[in-house]
Amino acid sequence: MPDCIFCSIVSGDIPANIVLRTPEVVAFTDLNPQAPTHILVIPTEHHENAAALAQDNPAQAAAVLAATQKVAAEAGLTDYRTVFNTGPEAGQSVFHAHAHVIGGRNLGWPPG
Ligand code: 5GP
Ligand code: ZN
């Protein structure tokens, strides 16, 4: 998708600190981390948000979820939060589906 930052990270046109790459997913550290560990896991296909991804490519949605566990374990986390912001009102600012994997500090609930 032209002009999509995360598609450009998948293609390598925009650099990122990539921690996991498979044919289905790419995971990289967030540019503006909200916790000691803050990793984004994205599908290699462009889908606007997690809802569209789950509907249009459930296998790739499952791969994203499986990758969140892998990157969390590799970061040494047993307790962490996986967040999919879906829509601007929920805080989504990049419209390529992504999971946030956040941990390494006490996380409040409910989130803001
Ligand atoms: P959202 O607000 O859509 O749920 O999350 C988007 C996330 O992408 C934000 O946490 C933001 O810091 C991160 N982000 C935006 N642009 C870039 C970028 O170019 N590189 C990286 N590594 N993270 C980005
Ligand atoms: Zn994209």
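Reader: By what cut-offs is a residue called buried, exposed or partly exposed?

Author: A residue is buried under 20% relative accessible area, exposed over 50%, and partly exposed in between. In this predicted model, Cys7 has a relative accessible area of 15% and therefore counts as buried. His46, at 25% relative accessibility, counts as partly exposed.

Reader: Which protein atoms are the donors of the zinc ion (ligand 2)?

Author: Donors are N, O and S atoms within 2.8 Å of the metal. Here they are the SG atoms of Cys4 and Cys7 and the ND1 atoms of His46 and His96, lying 2.0 to 2.3 Å from the zinc ion. Along the chain, these donors follow the spacing C-x2-C-x38-H-x49-H. Cys7 and His46 link distant parts of the chain, being 39 residues apart: Cys7 belongs to helix α1 (residues 5-11), whereas His46 sits in the loop between β3 (37-43) and α2 (50-56).

Reader: What is the geometry of the zinc site?

Author: Four donors count as tetrahedral if all angles lie between 85 and 135 degrees. The 4 donor atoms of the zinc ion (ligand 2) make angles of 108 to 115°, so the site is tetrahedral.

Reader: Which residues are closest to ligand 1, and how many surround it?

Author: Ligand 1 is surrounded by 16 residues, the closest being Asp30, Asn85, Gly91, Ser93 and His100. A polar backbone atom of Gly91 is 2.8 Å from an oxygen atom of ligand 1, and a backbone N or O atom of Ser93 lies 2.7 Å from an oxygen atom of the ligand. His100 contributes a polar side-chain atom, 2.8 Å from an oxygen atom of ligand 1.

Reader: How much of the accessible area of ligand 1 does the protein cover?

Author: On its own, ligand 1 has 520 Å² of accessible area, and the protein covers 84% of that.

Technical notes: Residues are numbered from 1 along each chain as its sequence is written. Chains are lettered from A and ligands numbered from 1 in the order in which they are written. This is a predicted model: local features need pLDDT of at least 70, side-chain atom pairs count only at pLDDT 80 or more; totals for chains, interfaces and linings use all residues. Side-chain values use heavy atoms; hydrogens and water are left out. Donors are N, O and S atoms within 2.8 Å of the metal (3.2 Å for Na, K and Ca); water is not among the atoms, so sites may look incomplete. Four donors count as tetrahedral if all angles lie between 85 and 135 degrees; four count as square planar and six as octahedral if opposite donors are over 155 degrees apart and all others between 65 and 115; anything else is irregular. Helices (H or I, at least four residues) and strands (E, at least two) are DSSP runs, numbered from the N terminus. Buried means under 20% relative accessible area, exposed over 50%, partly exposed in between (1.4 Å probe, protein chains only). A residue is near a molecule or strand if one of its heavy atoms lies within 4 Å of it. A polar contact is a pair of N or O atoms within 3.5 Å; within protein, one must be able to donate a hydrogen and the other to accept it, and residues adjacent in sequence count only if both atoms are side-chain atoms. Accessible areas come from the Shrake-Rupley method with a 1.4 Å probe; for residues, only the protein chains shown count as cover.
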